[in-house]
Amino acid sequence: MAPLALHAGRPGSILMLQDVSERVAAERERERAQRDLRAHVTVLNAFHRISSATDHTLREKLHLMLAFGCRHLQTPYGLLTRIHDHGTEVIDAVTPTGTPKVGDELARGEGPATGGAEDGNPVCVDGAHPGRAAAFSID
């Protein structure tokens, strides 16, 4: 509010209002986008650090990435599997119970991730969220 003297000498004031709801919403969206970007950078840096390590085999690197993914997504299960004619073979596993374990054969519908591609094509169960199981299958 600002003081104002009117033409006749009477005191008055000016009140200006401005709707800032769009600006506040834009600021919240910018903050969310920055958090998402930081999370993506964290993941990419971790994957780069793991994949470029010269003292690990490919299998060890895959296990480290799987374990990192479980921690990042806050899920207790991480499976790397191969789908074949009779079911699914566990290639690598991060589980709180130790099962399934590497080399186990899972029938269709067995294990933390149920279902699968009937034609044997690679599958990825997408949309993992913190606290929810995530499973990935590759051929």
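Predicted model: local features only at pLDDT ≥ 70, side-chain atom pairs only at ≥ 80, totals over all residues.
Residues are numbered from 1 along each chain as its sequence is written, and side-chain values use heavy atoms, with hydrogens and water left out.

Read from the N terminus, the order of elements is β-β-α-α-β-β-β-β-β. Of the 139 residues in the chain, 23% are buried; buried denotes a relative accessible area under 20%, exposed over 50%, and partly exposed the range in between (1.4 Å probe, protein chains only). The chain exposes about 10200 Å², of which carbon and sulfur atoms supply 57%; accessible areas come from the Shrake-Rupley method with a 1.4 Å probe, and for residues only the protein chains shown count as cover. Contacts are defined by heavy atoms within 4.5 Å. Among contacts between residues at least 6 apart in sequence, 36% join residues at least 24 apart.

Two packed helices are described by the angle between their axes and the distance between the axes. Helices α1 and α2 pack at an angle of about 160 degrees, with their axes 9 Å apart. Axes are lines fitted to C-alpha atoms, for helices over the stretch in contact, and angles run from 0 to 180 degrees between N-to-C directions. Helix α1 is therefore roughly antiparallel to α2 (angles under 35 degrees count as roughly parallel, over 145 as roughly antiparallel, 65 to 115 as roughly perpendicular and the rest as oblique). On the α1 side, the residues in contact include Ala39, Val43, Ala46, Phe47 and Ile50, and on the α2 side they include Leu64, Phe68 and His72.

Individual residues illustrate this packing. Val43 of helix α1 is buried, at 18% relative accessibility. Not counting residues up to four places away in sequence, Val43 touches Phe68 and His72. The C-alpha atoms of Val43 and His72 are separated by 8.1 Å, although these residues are 29 apart along the chain. Leu64, in helix α2, is partly exposed at 33%. Leaving aside neighbours within four places in sequence, Leu64 is in contact with Ile50 and His56.

One aromatic pair was counted, with rings of Phe, Tyr and Trp (its six-membered ring) taken to pair if their centres lie within 6.5 Å; planes under 30 degrees apart count as stacked, over 60 as edge-to-face and the rest as tilted. The pair is formed by Phe47 and Phe68 and is edge-to-face, at 5.8 Å centre to centre and 70 degrees between the planes. Phe47 belongs to helix α1 (residues 21-51) and Phe68 to helix α2 (residues 58-73), so the pair ties together parts that are 21 residues apart in sequence. Phe47 is partly exposed, at 29%, whereas Phe68 is buried, at 14%.

Most residues other than glycine have a negative phi, and most peptide bonds are trans.

Terms used:
Helix = DSSP H or I, 4+ residues; strand = E, 2+ residues; numbered from the N terminus.
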